[in-house]
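User: I'm new to reading protein models. Could you walk me through this one, feature by feature?

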Amino acid sequence: MDPIEEAALLDALQRWVDKEVRPVVMRHDHGDIWPAELVAQMAEMGLFGATIGQEYGGLGLPATTYAKIIAMMSSYWMALTGIMNSHLIMAAAVERFGTEAQKAQWLPKFASGEIRGGLALTEPNAGTDLQAIRTVAVRDGDSYVINGTKTWISNGIQGSCFALLVKTDPKADPRYKGMSLMIAPKGPGFGVGKKFDKLGYKAIDSAELVFEDYRIPADNLIGGVEGQGFFQATGGLELGRINVAARGVGLADGALRLATEYAQIRETMGKPIAQHQAIQLKLGEMVTRARAARLLTLDAAEAYDRGERCDMEAGMAKFFASEAAVKNADEGMRIFGGYAYSKEYEIERFYRDAMLMCIGEGTNEMQRMIIAKQWVKRNPA
Ligand SMILES: Cc1cc2nc3c(=O)[nH]c(=O)nc-3n(C[C@H](O)[C@H](O)[C@H](O)COP(=O)(O)OP(=O)(O)OC[C@H]3O[C@@H](n4cnc5c(N)ncnc54)[C@H](O)[C@@H]3O)c2cc1C
């Protein structure tokens, strides 16, 4: 994207965050309240089509610009970006792997935010081991009939359509060959179970989805060919991991910003704590970590934009940036001393929100294995 246009876009979004988001974050976070007004504004600004192609009404932003937007927003309120992220991964699956008819039917509505949703992969017995899912889709004439349960699905209550990972051949060996990805709008047989009460990542709904003889047209099979779902779902995770990395960058930056301000205001022993060496050591490490996380994330986003395979780069960015977020939030808490523990200050939200980045879109344990496998493959002895 043209750097001047990108700067103007980021500047406009920064003004929106300052004016509309920052004043209401604590109310929504503490009350676990869905930010309906902000979501409407995000739709108006085109954010639900951020990475969808312009031919479908999206903004067609490259992953690099998208990552910068997500990092900026997350440095004030990470949860808000979760409303866009899994929605855009669903859209990316349709745009990358869908038939022309599917793209024409769904992408314009995803881009406008008229239909919002997410990605439904995880099940009670299958998170990391996605191939163990039990949700089954059985072909019946021109339809599929689906039964099963998904859990932890972001936007599960407020969203109206999901990219749903199912087994179309539960006996397939290897297991991934029996997996397919479906476009699943809410309707008869598609129920919403419990909403999770979470440590952080408040205001955005994480819910269980229950499918009981839920029937969808066979045309909703992404790409029109069974057995491609595992690769379609995990292929979309590259963009998802870049997004989680960008959220980690934002959290690391935000914790740093809050700690930097506080360290210059709070005085002990007759001087601001920023002048004590123990605090300087923390700030020095925090700013370095945040910068390194940003550079790794942009490196992965650039590889994605060039159309290269970037599971290693996205994995490194996700792993490092999420750990940077946790560490910076932790150090931020220490810099705030006792006040860190008060909900009157914002730093505790960063502490509660950061840990999720180590779990979502593939745990950091798995990331390290993905990184190592790719690294060895690229460097044969
Ligand atoms: C707030 C929130 C929002 C979420 N949103 C979504 C969503 O929108 N859509 C969706 O589909 N899912 C979503 N998830 C689910 C998330 O993707 C899973 O929780 C995650 O993939 C981990 O799966 P699990 O919880 O089943 O853990 P498990 O797979 O049971 O893992 C438990 C532990 O074992 C480790 N482990 C597992 N297998 C291995 C292995 N082979 N080698 C080494 N270590 C291993 C893991 O790293 C982890 O430390 C969300 C989760 C949360 C908490």
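This is a predicted model: local features need pLDDT of at least 70, side-chain atom pairs count only at pLDDT 80 or more; totals for chains, interfaces and linings use all residues.

User: How many residues of domain 1 are in contact with domain 3?

Analyst: Two residues are in contact if their C-beta atoms, placed from the backbone, lie within 7 Å. By that rule, 24 residues of domain 1 meet 26 residues of domain 3.

User: Which helix gives the most to the domain 1 side?

Analyst: Helices (H or I, at least four residues) and strands (E, at least two) are DSSP runs, numbered from the N terminus. On the side of domain 1 that touches domain 3, H5 gives the most, with nine residues. Helix H2 (25-31), helix H4 (63-74) and H5 each supply at least two. For classes, Ala, Val, Leu, Ile, Met, Phe, Trp, Tyr, Cys and Pro count as nonpolar, Asp, Glu, Lys and Arg as charged, and the others, Gly among them, as polar. That side of domain 1 has 15 nonpolar, seven polar and two charged residues.

User: At what angle do H5 and H6 pack?

Analyst: Axes are lines fitted to C-alpha atoms, for helices over the stretch in contact, and angles run from 0 to 180 degrees between N-to-C directions. Helix H5 (residues 78-97) and helix H6 (residues 100-112) pack at about 160°, with axes 10 Å apart. That makes H5 roughly antiparallel to H6; angles under 35 degrees count as roughly parallel, over 145 as roughly antiparallel, 65 to 115 as roughly perpendicular and the rest as oblique. Among the residues making the contact are His87 and Ala91 of H5 and Trp106 and Phe110 of H6.

User: And how do H9 and H10 pack?

Analyst: H9 and helix H10 (residues 347-354) pack at about 150°, their axes 9 Å apart. So H9 is roughly antiparallel to H10. By class, their contact has nine nonpolar, one polar and one charged residues.

User: What about H9 and H12?

Analyst: The axes of helix H9 (residues 311-336) and H12 come within 9 Å and cross at roughly 145°. Their contact has six nonpolar, five polar and four charged residues.

User: Which residues come nearest to the ligand?

Analyst: A residue is near a molecule or strand if its C-beta atom, placed from the backbone, lies within 6 Å of it. Of the 20 residues around this ligand, Leu121, Gly127, Thr128, Thr363 and Glu365 come nearest. The shell divides into nine nonpolar, nine polar and two charged residues.

User: Why does the ligand lie between two domains?

Analyst: Because domain 2 and domain 3 both give residues to its shell.

Key:
Residues are numbered from 1 along each chain as its sequence is written. Domain bounds come from an automatic or database domain assignment.
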